Structure formats: C-alpha cells, structure tokens
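I opened this notebook to record what I looked up in the structure, entry by entry.

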Amino acid sequence: MKEKILNLLEDALPMVDFSSEFLFSAMDSLSVTTVLAILSDEFKITLDAEDATPKNFMNLDSIVALVENKLKEK
Amino acid sequence: MKRDAELYPQKTAVVCGSNIVSYSELWQKVLEKAAELPKNEIVVFRASQSLDFLLTYFALHVNGSVAVPMEKDVPEESFQEVKDLVTKSKTPLGSADILFTTGTTGKKKGVIISHETIIADGENLVEGQGFTHNLAFVITGPFNHIGSLSKIYPVIIKGATLIITEGMKNVNDFFSALDLGFEKFATFLVPSAIRILLQFSGEKLKNYASKIDFIETGAAAISLSDMKKLCEVLPQSRLYNTYASTETGIISTYNFNDGRCLEGCLGRPMSRSKIVITDEGLISCQGKTLMSGYFGDEELTAKVLKDNTVYTSDFGRLDLEGMLRLSGRIDDVINTGGFKVAPTEVESVALSMPEISDCICVAAPHPILGTALKLIYVSVVAVSKKEIALYIKARLESFKVPFYYEEAEKIQRTFNGKLDRKFYRK
C-alpha cells in the first residue's frame with residue numbers, strides 16, 4: 001500500500017519530496033489538493049479538504065494511515 | 001491608519017493566528033517598526049503571511065521608503081539580484097511600492113506603484129464592491145501579488161478588519177477565520193482556490209452563506225460551471241470577477257451573482273478608471289490607478305505607458321452595457337492559477353540542465369488550476385521528471401515549476417528555427 005501510494009504521488013507531484021518528515025509545510029495548496037484528488041480516485045474513498053491537516057500530512061506514513069482509516073470507514 | 005487609530009482605537013484591525021491587534025496597537029507597532037527600518041530607501045523583503053509583513057510594509061511607507069515585497073520562496077539568488085538592482089537606484093517622488101512581475105521574455109519587471117495609485121485602488125474597491133467598517137476581510141493569497149496586497153487599502157480606508165491566513169493549503173484555517181466573531185466576511189480567491197473549495201468543501205461552505213458578504217475572484221479566468229456552482233452555494237453573496245493587473249491597478253468588477261452569470265464579463269470601469277479598446281482589440285486603461293512605470297526600464301515603460309494610458313496584452317471588448325468582456329492574450333505568457341509565467345524563463349532554466357538538449361514549455365489543461373505548465377523535453381541521457389522538477393525548483397519560484405512532463409524525440413520549430421508554439425496550442 002505504502003509503495004503504491006508513493007508511486008502514485010511521486011508521479012503526479014515530482015517536485016515534492018515524499019521522504020520528508022515535514023511534508024505539509026513542504027507542500028502548497030495545489031499539491032495538497034492533488035494528493036486528495038488522487039487518493040480519493042484511486043481508493044474510492046471520500047476525502048475532503050478538512051482531512052488535509054498538518055497531522056494527516058506530516059509524512060508519507062501519516063497519509064497511508066489516513067487512507068487506511070478511510071478504507072475501514074467504508 | 002493614524003486616523004483609524006484615533007477614531008476606532010479599540011477596533012480589531014488585524015487577526016493573524018493568535019495575534020489580535022487593535023487599530024491603536026497597530027499604529028503603535030508600525031511606529032516602533034519604523035524606528036528600526038531605513039528612511040527614504042528602497043527596501044526588498046520577503047512577503048510572508050504574517051503580522052510582521054504588514055508592520056514592515058506600513059513602516060516603510062511611514063519612513064518615506066519604497067516597499068519591494070518579493071515572493072516568499074523566491075530563490076536567494078533572484079532575491080539578491082533584485083536587491084542589487086534596486087537598492088542603489090531612485091524611484092519617482094511619491095513612489096510607495098515596486099512589485100515584480102514576469103515579463104514576456106521571462107525578465108523580471110519592477111512595476112512602480114505610487115501612494116496616489118494605492119489610494120485610488122482602495123477607493124475603487126470601497127465603492128465598487130462595498131467594503132464597510134464592519135467587514136472582516138480574509139487574506140488567503142501572497143502579499144507580493146496585487147490580488148491580496150490591494151485589499152489592505154480598502155480595509156484601512158474603512159477601518160475594517162483584516163484576517164491573515166496561510167492560504168488555502170489548510171482549508172480548516174480558512175473556515176476557522178469565518179468562525180471568528182465578526183458580523184460579515186469577504187475574501188479574494190483565485191479561481192483555483194474556488195475550485196478547491198467547491199470540490200472538497202462545497203457543503204461546508206454552504207453553512208457560511210449568511211456570513212459571506214462577498215467574494216472576489218480574478219487574476220485568471222474562472223469557468224462558467226464554477227461561477228454557477230458558487231452562485232448556488234452562496235445565493236445571497238455578491239460574487240465579483242475583477243479586471244486588474246499590477247500595471248493597470250484595479251479597473252473594473254462584475255457581480256456575477258446577478259441572475260445572469262455572464263462568462264468572461266468583468267463589469268464596468270470603476271469610478272477612478274476608464275477602459276478604451278484599441279483598434280487591434282486590445283484593452284487599454286486610464287485613470288489614477290495606473291503604475292508610474294517599470295523600474296529602470298524607460299524603453300519598456302514608453303511602450304506600455306503612453307499619454308496616461310496603460311496598453312495591456314489582453315484582448316477584450318466593451319458590450320452594449322459598457323461591460324468589459326475578456327477574450328485572451330496577444331503574447332505567449334501562460335496564466336497558471338493566477339500567476340503569469342513566461343514560458344521562455346522556464347525553458348531557459350530547463351535547457352541549462354546538461355541532460356536536456358531541447359524543450360518547450362506549454363499550457364496544459366488541469367482539473368484545479370484550469371491551466372498548468374507542461375514541459376516537453378528532449379534528453380541526451382536518461383533523466384527523471386523528479387530530477388527536472390527539482391532542478392527548476394532550485395532556480396525559480398515554485399509556481400514556475402511545470403506540473404506535467406513529457407519526453408519527446410524532437411521539439412517542433414518553425415522554418416526559421418523558432419519554437420513553434422502554435423503547433424503545441426492545437
């Protein structure tokens with residue numbers, strides 16, 4: 001799952017360093033929105049702008065955890 | 001501001017995170033900041049989304065200095081370049097700001113804005129959009145861009161409140177601003193920010209409909225479908241589409257929540273502005289909101305600013321009601337998310353990468369931005385799009401880094417060897 005998400009996000013946002021532990025601060029609004037759109041589409045989950053918090057977007061692991069939680073809620 | 005501090009000393013002037021500053025405190029802080037800053041000089045600084053930005057900006061004006069706010073993530077080399085360029089030079093008497101924008105060749109242009117222009121822009125907005133004393137205006141964009149910077153003026157003129165947010169990255173911050181206890185709110189959002197709100201928070205936005213007095217958009221074209229959706233979500237709010245640029249100032253505005261929702265319509269000229277369409281169909285503007293000229297470039301100034309008229313590169317017409325209808329640009333500049341980018345600047349940086357032998361930067365459709373940059377490149381050795389993106393990001397502002405990358409065997413050129421931009425527009 002983590003590798004799949006990394007590949008998807010790196011392909012869409014080549015300028016973002018997804019190994020960062022401060023991912024949210026390294027991203028702009030468009031990058032954040034792109035992540036939401038790609039993950040919603042790929043995993044058929046509902047993500048809205050309020051899910052894009054600094055905590056959920058702290059690093060790649062926290063993004064993976066966000067997806068996993070949303071999948072459980074389905 | 002001094003007048004506001006006397007008339008409404010306890011009124012909240014600025015909210016920025018946990019900082020809440022009244023007009024009397026703001027004026028005091030500006031005077032304290034002014035004591036630390038140079039007098040009668042041109043001062044270059046990074047435009048952060050902070051109270052400190054406002055204090056620095058106003059303090060420089062108090063000191064008779066000229067403020068040059070730069071993009072906050074501008075690479076250090078470009079920042080120093082601008083600093084070296086402006087600090088030893090002079091500007092015309094009455095100059096307030098120099099705002100750097102991108103020219104068609106990719107060379108930075110320093111647009112000189114006078115104090116008279118600032119006041120005229122502010123008065124145009126107060127009258128044209130109905131800024132009032134009890135309004136709280138939420139800033140979501142960068143202060144080095146006229147879209148957000150220009151909103152400081154009407155807020156101060158009316159003694160209203162400015163709420164500074166970090167932008168639309170964390171939408172929760174935007175909604176938290178609307179939860180503050182003010183009577184009514186307004187904001188400026190570029191079309192891509194409206195797209196983000198409608199797509200990911202449309203239902204939540206509906207809950208704030210009664211509090212939102214107006215939203216202004218501009219800087220790029222907004223789609224008719226987003227205009228209509230926004231009218232549905234905010235049926236009672238005024239929703240403005242504005243024609244403005246750093247060179248022309250704030251010229252005209254149209255409330256598209258008027259039952260007609262006219263696409264590409266930018267309304268009638270405001271009271272301090274006039275629009276004339278040239279024989280070629282290009283928009284030219286007159287009035288007190290115009291720039292004073294380009295910093296250190298008399299030749300370019302003479303080309304754009306003649307007889308108190310700014311000649312733009314935008315095609316448009318005035319309809320039977322005297323409203324401006326925009327239809328495109330004459331040059332190759334690409335508008336992405338409200339930022340204008342000269343493709344030549346991106347191409348020149350990409351070509352300086354040893355792995356790339358040829359390239360072209362073109363406009364490509366994007367679901368949020370409307371238009372995004374795409375780099376089509378020919379490589380001599382294998383290079384990943386991540387490597388190209390990071391190389392460009394180290395040398396240019398982030399909005400100039402292409403979103404899409406496509407490797408090609410060759411780049412189309414015209415018979416005389418120039419990049420064939422028309423071919424890629426097909």
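**Entry 1**

I began with strand 7 of chain B and strand 8 (residues 161-164) of chain B, which pair in the parallel sense over 4 bridges. Two strands pair if DSSP finds at least two bridges between them. Helices (H or I, at least four residues) and strands (E, at least two) are DSSP runs, numbered from the N terminus.

I noted before going on that this is a predicted model, in which local features need pLDDT of at least 70 and side-chain atom pairs count only at pLDDT 80 or more, while totals for chains, interfaces and linings use all residues. Residues are numbered from 1 along each chain as its sequence is written, and chains are lettered from A and ligands numbered from 1 in the order in which they are written.

I looked up the bridge partners next. B:Ala136 stands opposite B:Thr161 in strand 8 of chain B, and B:Ile139 has B:Ile164 of strand 8 as its bridge partner. Strand 7 of chain B also pairs with strand 9 (residues 184-188) of chain B, in the parallel sense and over 4 bridges. There, B:Phe137 has B:Ala186 as its bridge partner.

Is strand 7 (residues 135-139) of chain B mostly covered or mostly uncovered? I found it mostly covered, with 5 of its 5 residues buried. A residue is buried if 20 or more other C-beta atoms lie within 10 Å of its own, exposed if 12 or fewer, and partly exposed in between, with C-beta atoms placed from the backbone.

Strand 1 (residues 12-16) of chain B runs parallel to strand 8 of chain B and is joined to it by 3 bridges. I noted B:Val14 opposite B:Leu162 in this pairing.

**Entry 2: the two domains of chain B**

I found chain B assigned to domain 1 (2-329) and domain 2 (334-425); such bounds come from an automatic or database domain assignment. The centres of the two domains, taken over C-alpha atoms, are 29 Å apart.

How many residues of each domain are in contact? I recorded 20 residues of domain 1 of chain B and 17 residues of domain 2 of chain B. Two residues are in contact if their C-beta atoms, placed from the backbone, lie within 7 Å. On the domain 1 side, strand 5 (95-102) and helix 9 (191-206) of chain B are the elements that give two or more residues. Helix 9 of chain B provides the largest share of that side, 4 residues. By class, the domain 1 side has 8 nonpolar, 9 polar and 3 charged residues. Ala, Val, Leu, Ile, Met, Phe, Trp, Tyr, Cys and Pro count as nonpolar, Asp, Glu, Lys and Arg as charged, and the others, Gly among them, as polar.

**Entry 3: the sheet of strands 22, 23 and 24**

I then turned to an open sheet of 3 strands in chain B, with the order 22-23-24 and mixed pairing. Strand 22 (356-366) and strand 24 (404-407) of chain B are its edge strands, each pairing on one side only. Strand 23 (residues 370-379) of chain B and strand 24 of chain B pair in the parallel sense over 4 bridges, and B:Lys374 stands opposite B:Tyr404 in strand 24.

**Entry 4: chain A**

I looked up the contact between the chains, which takes 17 residues from chain A and 22 residues from chain B. Helix 3 (residues 29-43) of chain A gives the largest share of the chain A side, 6 residues. The chain A side divides into 10 nonpolar, 3 polar and 4 charged residues.
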